[in-house]
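Please look over the sequence and the structure before reading on.

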Amino acid sequence: MLSTPAVVRRTSESVSVALLGASETSTPVAWLSCTTSAVPVSAAPRCATTPHPSRPVRLVGACAARVTLIGSPALFVDGVAGVEVEGFTVRDSLIAARVERAGVLTLRHAVLEANQRSAVQAVDPGTHVTLEDVVVRGTLPDPSTQTFGQGLAASFAARLTLTDVEVTGSRETGVFLD
């Protein structure tokens with residue numbers, strides 16, 4: 001069941017999900033694995049379902065001020081190229097977004113705040129994360145070890161492309177490249 005009306009559009013390249021008319025307060029939104037179609041779900045005040053696409057998909061929130069993606073990681077891309085997410089806030093997650101095994105993620109018009117360990121983790125050769133018009137602020141350490149607190153982290157030959165990105169207030173480092 002949707003708390004916000006949604007429009008799902010198929011194209012030859014991806015599935016688009018556009019959330020319309022979000023309320024004045026944050027609307028938690030999650031979705032199920034996109035094996036045959038995108039399924040937006042929101043039934044509880046806080047959804048813990050992590051988006052984990054199995055094919056290229058585009059997920060569009062009404063606006064970062066109104067739509068909150070919840071989970072830990074809040075977004076996980078494992079070996080899938082062509083995942084686009086925009087118009088969301090992710091907060092209070094152990095990791096806001098993790099991309100690995102040659103996954104390709106584009107994140108636009110988003111706010112990642114008060115996440116722990118890393119706001120964005122990109123690992124493995126062929127992995128590429130593009131951030132456009134994104135604010136990363138206040139990344140905290142891992143609560144169990146009190147280590148990390150990296151705004152953006154790229155390791156093991158992963159690539160980051162940043163355009164109009166602000167990274168502030170990370171406990172350990174704003175951008176970690178290994």
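## Basis of the description

The model is predicted: local features need pLDDT of at least 70 and side-chain atom pairs count only at pLDDT 80 or more, while totals for chains, interfaces and linings use all residues. Residues are numbered from 1 along each chain as its sequence is written, and side-chain values use heavy atoms, with hydrogens and water left out.

## The chain as a whole

The chain has 16 strands and zero helices. Both are DSSP runs numbered from the N terminus, with at least two residues for strands (E) and at least four for helices (H or I). Of its 178 residues, 48% count as buried; buried means under 20% relative accessible area, exposed over 50%, and partly exposed in between, with a 1.4 Å probe and protein chains only.

The accessible surface comes to about 8000 Å², and 55% of this belongs to carbon and sulfur atoms. Such areas come from the Shrake-Rupley method with a 1.4 Å probe; for residues, only the protein chains shown count as cover. Among contacts (heavy atoms within 4.5 Å) with a separation of 6 or more, 51% involve residues 24 or more positions apart.

## A parallel sheet

Five strands make up an open sheet with parallel pairing, in the order E7-E10-E12-E14-E16. Its edge strands, E7 (75–78) and E16, each pair on one side only. Two strands pair if DSSP finds at least two bridges between them.

Strand E12 (residues 118–123) is mostly covered, with six of its six residues buried. E12 pairs with E10 (residues 95–100) over four bridges and with E14 (residues 150–155) over five bridges. Glutamine 121 of E12 is the bridge partner of arginine 98 and also stands opposite alanine 153 in E14. Serine 118 has glutamine 150 in E14 as its bridge partner.

## Two valines

Valine 67 lies in strand E6 (residues 67–69) and counts as buried because its relative accessibility is 1%. Between valine 67 and alanine 110 there are 43 residues of sequence separation and 9.8 Å in space, C-alpha to C-alpha.

Valine 175 belongs to strand E16 (residues 173–177); with 38% relative accessibility, this valine is therefore partly exposed. Together with Leu162 and Leu177, Val175 forms a nonpolar surface patch of about 270 Å² of accessible area.

Note on methods:
Patch = residues over 30% accessible without salt bridge, like charges linked within 9 Å, V, L, I, M, F, W, Y side chains within 5 Å. Salt bridge = Lys/Arg side-chain N within 4 Å of Asp/Glu carboxyl O.
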